[in-house]
Amino acid sequence: MGKRFPALSRLLHWLMALMILAMLFIGIGMVSSLADYHRLVSIHRPLGIVILILVSIRLLNRLFNPPPPLPAGFPPLLRFAADGSHYLLYALMFAVPLVGWSMLSAAGYPIAMWGGVHLPPILPHSAALYALLRPLHTALALLLFVTFLAHLAAALTHAFLFRDGVFESMASWRK
Amino acid sequence: MSDSDPRKPSPENRYSLSALARPGALASLALIAAILGVVAAAFAWSAGWFSPHRVDQTHIVNAFEADGGVRAGFRRNHAKGVCFTGWFDGNGAAVPFSRASLFERGRVPVFGRFSIAGPIAPDSPAAVHSMAINYTLSDGEVWRTAMVPIPVFVVRDPKSFYDQLVAAVPDPKTGKPDPSRMKAFLAAHPETLRAIGLIKAQPFATGFANERYNSLNTFLLVNAQGAATPVRWTMEPVDSFAPAPKTAPSSDPNYLFDALGKRVSQGPVRWHLIFVLGRPGDPTNDATLPWPRDRTRIDAGTLTVTGLQAEAPGNCRDINFDPMVLPSGIAPSDDPLLPARSAVYSADFTRREGEAKTPSPVQLQAGR
């Protein structure tokens with residue numbers, strides 16, 4: 001087996017994988033839910049901010065603890081897809097919560113976290129900005145879900161077809 | 001497994017298409033496809049894409065549009081309104097019941113909106129006066145509320161609300177709702193008939209300034225110890241209540257708003273925020289049911305309205321008075337209308353904020 005991701009990288013990856021997947025399901029669910037709308041929004045908003053904080057830590061961690069290289073002989077086209085999709089994942093992990101925070105700011109909503117704690121607005125109150133950002137939040141979140149599916153497909157392909165140790169470099173916890 | 005195991009791809013060709021020829025490769029592909037399919041299907045299920053007829057916020061906003069038509073850029077309900085500014089003076093009386101800083105002695109800034117329920121239409125004695133308020137607490141928290149004068153609400157759950165809207169959709173032939181559909185709705189909803197009886201027994205006021213406005217839904221006040229008290233509330237006007245006349249006193253299509261403008265120009269208009277404390281057994285999840293009249297009432301403070309502004313960019317026009325925007329110390333009850341109001345207000349807000357804006361029919365005369 002090749003080199004694994006550092007332990008902190010694996011921890012952040014799996015923690016955020018759970019959170020982001022939960023966020024995508026909560027987000028798409030709440031916009032068509034009458035009974036659970038408030039409950040779901042009340043989780044969605046602070047959890048998005050937690051993800052924004054974690055992805056910032058994760059980006060720093062990645063700079064100091066770089067991931068192991070892809071196996072020798074990994075075809076250039078697949079390498080390009082792997083690199084590109086990871087850039088896209090990182091960009092979306094920042095963009096989706098930032099656009100969410102921005103759109104709430106532009107709508108003039110209080111940005112409530114847990115227990116009465118509030119974040120300041122990061123944009124002025126503006127109908128035009130809200131009208132731009134609200135659909136952008138959905139579009140970017142759907143793109144994130146599609147990118148996640150591609151990431152999952154790639155991970156499973158490494159695990160079941162290529163059997164090249166790439167899946168285990170993130171998924172193995174053996175000493 | 002050794003490297004000679006035929007089930008394991010050799011390092012040389014594991015990335016080539018020929019690797020798919022090894023035993024078990026197609027089964028692996030099928031497994032991958034199945035896992036992806038399950039995840040995608042679960043997402044589609046969460047999104048409601050498998051249940052397009054389940055009533056959600058989009059259906060309800062669409063039903064408002066079918067009933068009242070669409071004036072682009074305006075609220076689908078309570079379309080006609082005017083903004084106000086002022087303040088709220090807490091008097092400390094509600095502090096034992098709620099830890100919200102609003103209820104301590106002191107003043108916080110307030111803005112809000114007076115409006116009439118329904119689409120844009122000429123003012124009339126039957127118009128349902130409404131008051132929405134945004135309290136900005138000293139700690140940065142916000143409390144929003146949207147209130148009307150009726151003593152109870154006409155339906156008790158979101159599905160009934162939707163069915164009532166659909167029953168009132170105008171018949172394309174006559175331009176009027178089909179009375180048989182509303183009759184059928186009422187036959188299926190005795191609670192609505194009872195509520196309408198209570199609503200008709202209590203007249204509206206002559207105008208906005210001497211109207212009382214009710215929370216309709218039950219909320220919980222939560223104090224510093226974490227104890228919750230179910231409450232409903234009323235904004236009780238200081239101006240003396242007088243019942244609305246049977247017919248419009250003026251041909252001015254905005255006579256209610258113009259009278260409010262005149263009243264505010266004469267001096268501040270005040271309301272007392274009166275909390276009615278529920279007792280165990282009082283219905284919290286059914287807004288069609290009144291509470292007994294003898295419940296304890298607490299005067300938590302005074303709202304003072306000092307100025308009016310026509311709707312404009314960035315003022316109450318562009319605010320969603322979502323009644324679930326609550327500070328710590330006020331919490332939702334188990335009333336199913338509450339999350340639904342939040343969801344529908346949000347969907348309506350998103351729709352109208354994306355449309356081109358035109359001036360409100362309610363404009364204030366110069367010098368006011």
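What share of the contacts in chain B between residues at least 6 apart in sequence join residues at least 24 apart? I looked it up, and the share is 72%. Two residues are in contact here if their C-beta atoms, placed from the backbone, lie within 7 Å.

A note on the ground rules. This is a predicted model, in which local features need pLDDT of at least 70, side-chain atom pairs count only at pLDDT 80 or more, and totals for chains, interfaces and linings use all residues. Residues are numbered from 1 along each chain as its sequence is written, while chains are lettered from A and ligands numbered from 1 in the order in which they are written.

**Chain B as a whole**

I found seven helices and ten strands in chain B. Helices (H or I, at least four residues) and strands (E, at least two) are DSSP runs, numbered from the N terminus. Chain B is more spread out than a compact globule, because its radius of gyration is 27 Å, well over the 21 Å that the globule rule gives for 368 residues. That radius is taken over C-alpha atoms, and the rule is 2.2 Å times the number of residues to the power 0.38. I also noted that the C-alpha trace of chain B spans about 95 × 60 × 45 Å along its principal axes. Of the 368 residues in chain B, 41% are buried, meaning that 20 or more other C-beta atoms, placed from the backbone, lie within 10 Å of the residue's own.

**Around β7(B)**

Next I followed the pairings of β7 (residues 228–237) of chain B. Strands pair if DSSP finds at least two bridges between them.

- With β5 (residues 213–214) of chain B, β7(B) runs antiparallel over two bridges, and B:Tyr213 stands opposite B:Met235.
- With β6 (residues 219–222) of chain B, β7(B) pairs in the antiparallel sense over four bridges, and B:Phe219 faces B:Val231.
- With β8 (residues 269–277) of chain B, β7(B) has seven bridges, again antiparallel, and B:Trp233 has B:Phe275 as its bridge partner.

I then checked the hairpin of β6(B) and β7(B): five residues lie between the strands, and B:Gly226 takes a positive phi near 90°.

**Where chain B meets chain A**

I found 46 residues of chain B in contact with 38 residues of chain A. On the chain B side, α1 (25–46) and α7 (337–353) are the elements that give two or more residues. The largest share, eleven residues, comes from α1(B).

Methods:
A residue is buried if 20 or more other C-beta atoms lie within 10 Å of its own, exposed if 12 or fewer, and partly exposed in between; C-beta atoms are placed from the backbone.
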